[in-house]
Structure formats: C-alpha cells, structure tokens
Amino acid sequence: MNNVLDDDRVCFLTDSKGTRTHAVLPISVYDELLGLRLLLNDSKNLNSREDYFFSVKGVNASGFPLGKRTSPGFMLNKGSMVSIRHAPSLRQPVIDVKNDLIMRKILVINTKLNCYELKESYLLTSPSFAASLVAGNTRNGLDVWTNQEGFSLKDSGYGPKAGDVQSDDEDSRKK
C-alpha cells in the first residue's frame with residue numbers, strides 16, 4: 001500500500017490501482033468526527049417532518065407527506081377527525097378504506113364531536129385520498145392540506161410538477 005498525503009491533517013492509504021482504501025487522521029480529527037456522529041444520532045430523534053392541516057365542516061385533521069415529492073403518500077395523524085357522512089359521489093376505494101378502518105376499530109365514532117376519530121396514524125396512498133377520506137367528498141389534497149404558514153402541499157413543491165420549478169418570467173411567457 002502507498003501513503004498518499006491529501007492535506008496536512010489526513011493521509012490516505014491506497015491500493016495498487018490508486019483507489020483510497022483507508023484514512024489515517026490525527027486523533028483530534030477523529031474525536032471531532034465522533035462528536036459529530038453523536039450529534040447526528042441525537043438529532044435522529046428530532047421530528048424533522050412538517051405537519052399539514054385540513055379543516056372542513058367542523059372536522060380537523062393533520063398529517064404529513066411521505067415518499068417522492070412528485071407522488072407522495074400521506075400519513076394521517078392519530079387523532080385526526082373524519083366526517084361521518086360522505087357524498088354519493090365519493091370514490092368507492094375511499095369508502096372501502098373508511099369501512100375497513102371502522103371495522104378494524106382504527107376509526108372510532110366520537111359522539112361528542114359528531115365525527116370519527118383516528119385511533120392510530122394511518123398511511124394513505126396520496127394527499128387527495130386522505131383529504132377525501134376526511135371530508136367525505138372528493139378533494140384535491142395538494143391544494144387543501146396546508147402547513148402552519150398557510151402554504152399548501154402544492155406551494156411547498158409537492159405534486160406531479162415538483163421537479164418543474166419555473167421562474168416568473170417563464171410563466172408569464174406561456175400566458
């Protein structure tokens with residue numbers, strides 16, 4: 001193995017092809033790295049997700065997007081409220097999930113609030129599916145779920161056009 005000096009503090013050992021295989025560093029740098037590792041491990045416990053909220057007809061819910069920004073799932077938080085009634089036009093898959101959650105006692109009637117209440121967090125396939133479940137009618141989840149600052153999921157860069165950020169000049173040329 002050859003010693004390769006990259007800078008004053010760290011040396012790298014390389015194989016016969018010149019590929020770095022090991023790093024040799026002063027104990028002070030090693031101690032700094034251990035400190036950073038401990039800090040990172042502690043920060044894993046911090047809640048880094050951002051909750052979004054939706055209220056309609058006296059029903060309040062919260063949750064957060066999960067997965068790809070272009071097509072996120074949506075985790076509906078424990079304690080979220082779901083409308084008792086649903087519109088005849090509500091899609092059958094939403095009704096089926098609602099009935100399944102009721103049957104499994106994950107969605108339980110709250111007679112004081114006249115709604116269903118989610119007894120555990122539940123992951124749904126999209127923000128729109130979650131919003132439709134909560135409201136009891138078809139909703140565009142990218143528009144109705146908003147964060148504490150009032151920005152919708154769409155405003156926050158979620159949805160099919162998440163990678164297509166354009167400047168104001170480009171938008172005005174298309175009009």
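Helix H2 passes helix H3 in a right-handed crossing, meaning that the near helix is turned clockwise from the far one by less than a right angle. This is a predicted model, where local features need pLDDT of at least 70, side-chain atom pairs count only at pLDDT 80 or more, and totals for chains, interfaces and linings use all residues. Residues are numbered from 1 along each chain as its sequence is written, and side-chain values use heavy atoms, leaving out hydrogens and water.

**H2 against H3**
- H2 spans residues 92–103 and packs on H3 at an angle of about 65°, with the axes 10 Å apart.
- H2 is therefore roughly perpendicular to H3 (65 to 115 degrees counts as such).
- From H2, Pro-93, Val-94, Val-97, Lys-98 and Leu-101 are in contact with Phe-129, Ser-132 and Leu-133 of H3 (heavy atoms within 4.5 Å).
- By class, this contact holds six nonpolar, one polar and one charged residues.

**H3 and its end**
- Eight of the nine residues in H3 (residues 127–135) are buried (under 20% relative accessible area, 1.4 Å probe, protein chains only).
- Among them are Pro-127, Phe-129, Leu-133 and Val-134.

**Whole chain**
- The chain has five helices and ten strands; these are DSSP runs, with at least four residues (H or I) for a helix and at least two (E) for a strand.
- Of the 175 residues in the chain, 33% are buried.
- The accessible surface comes to about 11800 Å², and 53% of that belongs to carbon and sulfur atoms (Shrake-Rupley method, 1.4 Å probe).

Definitions and conventions. Buried < 20%, exposed > 50% of the residue type's maximum accessible area, 1.4 Å probe, protein only. Axes fitted to C-alpha atoms, helices over the stretch in contact; angles between N-to-C directions. Parallel < 35°, antiparallel > 145°, perpendicular 65-115°, else oblique. Nonpolar A, V, L, I, M, F, W, Y, C, P; charged D, E, K, R; others polar.
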